[in-house]
Amino acid sequence: MSKVTIVGAGLAGSEAAYLAASLGVDVDLYEMKKVRKSPAHHSDGFAELVCSNSLRAASTENAIGLLKEELRQLGSLIMEAADRSAVPAGGALAVDREEFSSYITGKITSHPRISVFHEEMEKIPSDGIVIIATGPLTDGALYDSIREMTGCDDLHFFDAAAPIVSLESIDMTKAFRQSRYGKGGDDYINCPMNRDEYIAFREALVTAERAEVKDFDREIVFEGCMPIETMASRGEDTMRFGPLKPVGLVDPRTGEEPYACLQLRQDDRAGTMYNLVGFQTRLKWPEQKRVFGMIPGLEYAEYLRYGVMHRNTYINSPQLLTPHYEMRKRHGLFFAGQMTGVEGYIESTASGFVAGYYAAMEALGVSDVIEPSQVTVIGSMANYVADSRLKSFVPMNANFGLVAPYPAKFKGKDKKKQKNQAIASRALEAVGEAASKINGMRCSDGV
Ligand SMILES: Cc1cc2nc3c(=O)[nH]c(=O)nc-3n(C[C@H](O)[C@H](O)[C@H](O)COP(=O)(O)OP(=O)(O)OC[C@H]3O[C@@H](n4cnc5c(N)ncnc54)[C@H](O)[C@@H]3O)c2cc1C
């Protein structure tokens, strides 16, 4: 039986490694963080969340919530860790990032079938079954090797991360605890702004000094992770319809909806760290302190992590990959995670699960495999990235637009809700069948 070599122990690589090993395949897992870290990675642990601690919506009426439930049924290690390390976040699933990563690291390092190598892989291995899951910040020699192998000249674009501040430094005489529309109790801290404060803040934001973008000569911004200063420059009210939207919030001091409102979300289980929701930025660090300090409640904020801006690397998957995330031109070479053009923590995890499954089946010599289903979110994403008909390929979050349309029509005020519920039931039924086959193949003792 062949082994599987996996490069990168991020969300995708960790999921793939654990699945393949639990299906009875030996795995060599290469992770470089102990010798070199990307600018966004800070710890030595596996599956590190590089930005927000939120894994987004929990409800299955939402595509990302449904994807999480699909992964749970399939026995995902990442979802097991997420559920164990959850912190309060209203209608979302957010985690304590340290607990989350250390649970995954423990499970992988103690698995008898997984050998971990703390090394930087500089070249795509020339043979064998290989999964490249080195993430959106892949660089150096491996980046060149991927470029050579895929023939993609242009592999990157830009992304940005939000700052984290300490709870004790937030002025709670100005900020207040509340969740939008009262969903989830007092999970969020809100910093309300009146019109004058908002206008002054926006003015400072659009004119603030930004970090120099050294390595690249052009900037393409992914709409789902747009720097706050870019959003501010798009129009006076753009932020009030985005991260500063006040709807569903009532300032207890005025009894009214604020003109604009920043929300801060708990980032660790202890509740000492809060992130500025939607405030990904590439302002220079002293500028972040000055400009974000204009928001009522954040005047004296202590920054536990400043927002940063990084590259985002992905291959031209529709021209290169099959729906198994396998190279069409090199049997046994898989890609997984954000670098395939799926966008987001859970989406990266899902692609790691799929690539890990097919790599393991190849190693075991099993040809009767389950194909990615268009009625599930996990399967529809695999089909999207491998769709050779796509003219322009952009990274994509999980969404119901990728899933096969539901045949029946729904009526009434809540027809969207009914439709999404029907899509979710259909997906979970299909996933249930796949899960019983996959889970039935798992080795209970890991060997
Ligand atoms: C700055 C930034 C902020 C983001 N914020 C969010 C967010 O808030 N929410 C969200 O859902 N998504 C976010 N994303 C997008 C994406 O979901 C994450 O990047 C996610 O971590 C991708 O998972 P991955 O497994 O593909 O890669 P990663 O989690 O980055 O894992 C890749 C791993 O490979 C290792 N590695 C790299 N090169 C080598 C090598 N040559 N040899 C050995 N090991 C190597 C790395 O050290 C790393 O551990 C963000 C991305 C970036 C860049």
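The following questions and answers look at the domains, the ligand surroundings and some strands of a predicted model.

Residues are numbered from 1 along each chain as its sequence is written. Because the model is predicted, local features need pLDDT of at least 70 and side-chain atom pairs count only at pLDDT 80 or more, while totals for chains, interfaces and linings use all residues, and side-chain values use heavy atoms, with hydrogens and water left out.

Reader: How far apart do the C-alpha centres of domain 1 and domain 2 lie?
Author: The protein chain is divided into domain 1, made of 4–158 and 312–440, and domain 2, which covers 164–305, with bounds that come from an automatic or database domain assignment. The distance between their C-alpha centres is 30 Å.

Reader: Which backbone N or O atom lies 2.8 Å from an oxygen atom of the ligand?
Author: A polar contact is a pair of N or O atoms within 3.5 Å; within protein, one must be able to donate a hydrogen and the other to accept it, and residues adjacent in sequence count only if both atoms are side-chain atoms. A polar backbone atom of Met121 is 2.9 Å from a nitrogen atom of the ligand, and a backbone N or O atom of Gln338 lies 2.9 Å from a ligand oxygen. The atom at 2.8 Å from an oxygen of the ligand belongs to Tyr345.

Reader: What share of the ligand's exposed area does the protein bury?
Author: Accessible areas come from the Shrake-Rupley method with a 1.4 Å probe, and for residues only the protein chains shown count as cover. Taken alone, the ligand exposes 980 Å², and the share of this that the protein buries is 96%.

Reader: Which strands stand at the edges of the open sheet of 3 strands?
Author: Strands are DSSP runs of E with at least two residues, numbered from the N terminus, and two strands pair if DSSP finds at least two bridges between them. The order in this sheet is E3-E5-E4, with antiparallel pairing. Each edge strand has a single partner strand, so one side of it is left without a neighbour in the sheet, and these strands are E3 (54–57) and E4 (86–87).

Reader: Which residue in E5 is the bridge partner of Val87?
Author: E4 and strand E5 (residues 92–95) pair in the antiparallel sense over 2 bridges. Within E5, the partner of Val87 is Ala94.

Methods:
Helix = DSSP H or I, 4+ residues; strand = E, 2+ residues; numbered from the N terminus.
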